[in-house]
Amino acid sequence: MPTHGPGMGTLEAGGLLAGRLLLVFVFVHEGWSIIGSYGAAAAYMQKFGMPPVLLPAVVALQLGGGLLIAMGVLTRLVAPVFIVFCLLTAALFHWQPGDTNQMLHFQKDLAIAGGFLVLAVGGAGPWSIEGLLRLSLGIRGHQSDLEMKTHQVHGSLRRNVRCCGNR
């Protein structure tokens, strides 16, 4: 059975979609919540020595990046940003060895970073905007966003050369 790409089985494709949605749900929810309690979120960041001026970027990543991953758009570009975000969050906010609860959050952040690493390496899967683009462009298998764009440009050039060569 194929491991990726348009020929992927329904169970695998559905699993990748469900995994993406479960992985980003907490970020989209938190991003939306921060908007409603912006002052409290800024104060929390300041408590840990982080400048509140970074909060708009956090909200943009959580909401915007979360929705991009959920839809399967630019997954391999956005997932590494989430990896860095999760690792920084773990280290800056939850690395408190004397506090069992905070260490649990630290470990969860590491696990979530691992989930984003899987997406960064494997992509969004066929049930995604990226998957639909691959299918519509006739691209089979596992290719990055850059490879997809390159394939599209080369296809356009070949069509233009054939067109112009027939004149």
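## Tyr-44 and His-94

Tyr-44 touches Phe-93 and His-94, leaving out residues up to four places away in sequence; contact here means heavy atoms within 4.5 Å. Tyr-44 is found in helix H2, where helices (H or I, at least four residues) and strands (E, at least two) are DSSP runs numbered from the N terminus. At 37% relative accessibility, Tyr-44 counts as partly exposed. The classes are buried (under 20% relative accessible area), exposed (over 50%) and partly exposed (in between), with a 1.4 Å probe and protein chains only. The C-alpha atoms of Tyr-44 and Phe-93 are 9.6 Å apart in space, and the two residues are 49 residues apart in sequence.

His-94 is found in helix H4 and is buried, with a relative accessible area of 12%. Not counting residues up to four places away in sequence, His-94 touches Tyr-44, Thr-89, Gln-102, Met-103, His-105, Phe-106 and Asp-109. Leu-104 is 10 residues from His-94 along the chain, with a C-alpha separation of 8.2 Å. Leu-104 is found in helix H5 and counts as partly exposed at 41% relative accessibility.

## Model and conventions

This is a predicted model, in which local features need pLDDT of at least 70 and side-chain atom pairs count only at pLDDT 80 or more, while totals for chains, interfaces and linings use all residues. Residues are numbered from 1 along each chain as its sequence is written, and side-chain values use heavy atoms, with hydrogens and water left out.

## Chain overview

The secondary structure of the chain comes to 7 helices and 0 strands, so the order of elements from the N terminus on is α-α-α-α-α-α-α. Of the contacts in the chain with a separation of 6 or more, 62% are accounted for by residues 24 or more positions apart.

Buried residues make up 35% of the 167 residues in the chain. The chain exposes about 9,900 Å², and carbon and sulfur atoms supply 70% of that area. Accessible areas come from the Shrake-Rupley method with a 1.4 Å probe; for residues, only the protein chains shown count as cover.

## Helix H3

Helix H3 covers residues 55-71, and its 17 residues should span 24 Å at 1.5 Å a residue. The end C-alpha atoms are 24 Å apart, which agrees. The expected span is 1.5 Å times one less than the number of residues in the helix.

The buried residues of H3 are Leu-55, Val-58, Val-59, Leu-61, Gln-62, Leu-63, Gly-65, Gly-66, Ile-69 and Ala-70. They pack against helix H1 (10-36), helix H2 (38-47), helix H4 (75-94) and helix H5 (100-122). One of them is Gln-62, with a relative accessible area of 5%. Gln-62 touches Phe-27, Val-28, Glu-30, Gly-31, Ile-34, Phe-82 and Phe-85, not counting residues up to four places away in sequence. Gln-62 and Gly-31 are 31 residues apart in sequence, and their C-alpha atoms are 5.1 Å apart in space.

## After H3

H3 is followed by Gly-72, whose phi is positive, near 75°. Leu-74 is found in the loop between H3 and H4. Leu-74 also has a positive phi, of about 55°, although it is not a glycine. Most residues other than glycine have a negative phi. Leu-74 is partly exposed, with a relative accessible area of 39%.

## Nonpolar core

A nonpolar core is a set of buried Ala, Val, Leu, Ile, Met, Phe, Trp, Tyr and Cys residues joined through side-chain atoms within 4.5 Å. The largest such core has 26 residues, and those with the most contacts inside it are Leu-55, Ile-69, Phe-82 and Phe-116. H1, H2, H3, H4 and H5 each supply at least two residues of this core.

Leaving aside neighbours within four places in sequence, Ile-69 is in contact with Arg-20, Val-24, Thr-75, Val-78, Ala-79, Phe-82, Phe-116 and Leu-119.

## Nonpolar surface patch

Leu-67, Met-71, Ile-129, Leu-132, Leu-133 and Leu-135 form a nonpolar patch on the surface, with about 560 Å² of accessible area together. H3 and helix H6 (129-137) are the elements that give two or more residues to the patch. H6 gives the most, with 4 residues. Leu-132 is found in helix H6 and counts as exposed at 53% relative accessibility.

Patches are made of residues with over 30% relative accessible area and no salt bridge; like charges are joined within 9 Å, and nonpolar side chains (Val, Leu, Ile, Met, Phe, Trp, Tyr) within 5 Å. A salt bridge is a side-chain nitrogen of Lys or Arg within 4 Å of a carboxyl oxygen of Asp or Glu.
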